[in-house]
Amino acid sequence: MKKDSWLASPFMVWVLIFTVVPLGMVCWYAFTDASGAFTFENILKIGTYWDYLKDSLIMGAVATALCLLLGYPLAYIMSRASWGAQQTMMMLLMLPQWMNFLLRTYSWMTLLENNGLINNILGRIGLGPFHMINTKGAIILGMVYNFLPYMILPIYSVMEKIHDSLFEAARDLGANRFNTMRRVVFPLSLPGVITGITMVFVPSVSTFVISQMLGGGRNMLIGDVIERLFVGAAPNYNVGAALSLVLMVLILISMAVMKKFDDGEETGGLMM
Amino acid sequence: MKILSKIYTAIIFVFLYAPIVVLIVFSFNESKSRSVWKGFSLKWYENLFNDEMIISALLTSLEVAVLAAVFSTIIGTAAAVGLKSMNKRLRSAMLTLNNIPMVNPDIVTGISMMLLFVAIFSATGLMHPGFVTLVTAHITFCIPYVILSVLPKLNQMNPSIYEAAQDLGCPPLRAFMKVVLPEIMPGIITGMMMAFTLSLDDFVISYFTSGSTAQTLPMVIYSMTKRRLSPKVNALSAIMFLIVLVLLIAVNIRQIRAAAIKRKKTAVE
């Protein structure tokens, strides 16, 4: 099939025009001013927006950590269940994912409102009302709710491959439950953990929808800032592009760091 | 220990489903309240079906999804076949480029294409931001999923059967249609369904690339949640959930979304 490579040419042209050129334009806008002259000013504007970026990174990290904390045990339980139970849990996990994520986020808006269902129920037993909507906590909750399956799935798919005989071997060699988890299951599940972290962290850090719906515009993230710079009342593509570039570079760096960590741990696991 | 795992699993699934159940229950509420039950009513469903903006947005969403699925499947399948016969270095370079839209945050993909479309329009007057740019953007983010669905099927295939067909006098195109295509068909169909559902679901990229003339359903939902909330949104959620449930039972689309996440996962790795 050697001569078939021309079949990829429409794709190559498409990628060039609609993926490579747009990213080039982001760089171009990031390093030029309104008149098109070269400048570092946009990138240096990061100082002005540092608080939003910091908030995004912290909240994204907290949401990712919570997903890991909640998702890891479930992935483990799933991977050790019977085949039928695994299939059912998988389906139950994916079913909410079929609903648009705006609707999933909206469902929490109605629950967390000041006169929403949770406060309503708490009020009947004499508690509250608590102010939950439009807080950072609500945004983190929204991130965890929307992206939890992205953590569970990759961890489950590596854990599912851990053979039962490894558990038996660990037991025969005198490891208790805790040590089996620490020295057998955890090192082997690490690639899944790394992938899960990336898959939750990237959409969490860059979201503007969750922060707008559950944060009420008062808790802006870097995604909100970028969104406003592109479609807001006073657009500034240059600064918006610079912030996007910074966000992209930060994400690439964190992915690379995670990958390094993964490789290092893998050999460590083999030496164990 | 067994009982603890069961309780834990139950808690997680309650967490995942409770908001959706509440959403659906209150779509039948008599009053506008989303927290106080005032009696059963179907009026929000009636309101929903009489809302022309929602119906036309639904149609736009479907049109975009069909076009995006068809074009990304054609381009992506051809690309997979082409990539297979490329030399290794070029192929891995192309696959890296292919991963970009999957790894990049949606907002970056969205604004980068927005910059391109704005530039094209102001330079040539072509591609006025609207339906055309929307479809173009959707094709762009769907292609990677099609390629990553078809490529494994091509790798599984024994290349000798294609050569054998040609040796036996079959012209290349016919050999491709008769021999290769049936082999990779499951991958093509998975890729196409993935493209269709991802396109229907997308909000962020559409939001930046559609201009003000074309509105998809997620975009209307977004603007509804920004203004005064109406239980119409609940009714819409309930209907969409029901459709998915029926489809899950009727057709085997169960794996599609999980498979889409897996594709993204391989790209991230």
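A:Asn134 is found in the loop between α6 (117-124) and α7 (136-159) of chain A. Helices here are DSSP runs (H or I, at least four residues), as are strands (E, at least two), and both are numbered from the N terminus. The phi angle of A:Asn134 is near 65 degrees, a positive value in a residue other than glycine. A:Asn134 is partly exposed, with 19 other C-beta atoms within 10 Å. The burial classes count other C-beta atoms, placed from the backbone, within 10 Å of a residue's own: 20 or more is buried, 12 or fewer is exposed, and partly exposed lies in between.

The model is predicted; local features need pLDDT of at least 70, side-chain atom pairs count only at pLDDT 80 or more, and totals for chains, interfaces and linings use all residues. Residues are numbered from 1 along each chain as its sequence is written, while chains are lettered from A and ligands numbered from 1 in the order in which they are written.

Chain B holds a residue with a positive phi as well. For B:Met127, phi is near 55 degrees, and this residue is not glycine. B:Met127 lies in the loop between α5 (106-124) and α6 of chain B. It counts as partly exposed, with 16 C-beta neighbours inside 10 Å.

Chain A has 12 helices and zero strands. Its C-alpha atoms fill a box of roughly 75 × 70 × 35 Å along the principal axes. Of the 272 residues in chain A, 44% are buried. Contacts (C-beta atoms, placed from the backbone, within 7 Å) were then sorted by sequence separation. Among those in chain A between residues at least 6 apart in sequence, 72% join residues at least 24 apart.

The contact between the chains takes 69 residues from chain A and 66 residues from chain B. On the side of chain B that touches chain A, helix α1 (residues 2-25) of chain B gives the most, with 11 residues. That side divides into 45 nonpolar, 13 polar and eight charged residues. Nonpolar covers Ala, Val, Leu, Ile, Met, Phe, Trp, Tyr, Cys and Pro; charged covers Asp, Glu, Lys and Arg; the others, Gly among them, are polar.

Helix α1 (residues 9-30) of chain A packs against helix α6 (residues 131-156) of chain B at an angle of about 120 degrees, with the axes 11 Å apart. Axes are lines fitted to C-alpha atoms, for helices over the stretch in contact, and angles run from 0 to 180 degrees between N-to-C directions. A:Phe11, A:Trp14, A:Phe18 and A:Thr19 in α1(A) meet B:Thr136, B:Thr140 and B:Ile143 in α6(B). This contact has four nonpolar, three polar and no charged residues.

The largest nonpolar core has 150 residues, of which B:Cys142 and B:Ala195 touch the most other members. Such a core is a set of buried Ala, Val, Leu, Ile, Met, Phe, Trp, Tyr and Cys residues joined through C-beta atoms within 7 Å. Helix α7(A) gives the most to this core, with 17 residues. Domain 1 (1-41) and domain 2 (55-268) of chain B both give residues to the core, so it lies between them. Domain bounds come from an automatic or database domain assignment. Beyond its neighbours within four places in sequence, B:Cys142 is in contact with B:Ala68, B:Ala69, B:Ser72, B:Ala195, B:Leu198 and B:Ser199.

The C-alpha centres of domain 1 and domain 2 of chain B lie 33 Å apart. Their contact takes eight residues from domain 1 of chain B and six residues from domain 2 of chain B.

Technical notes. Two residues are in contact if their C-beta atoms, placed from the backbone, lie within 7 Å.
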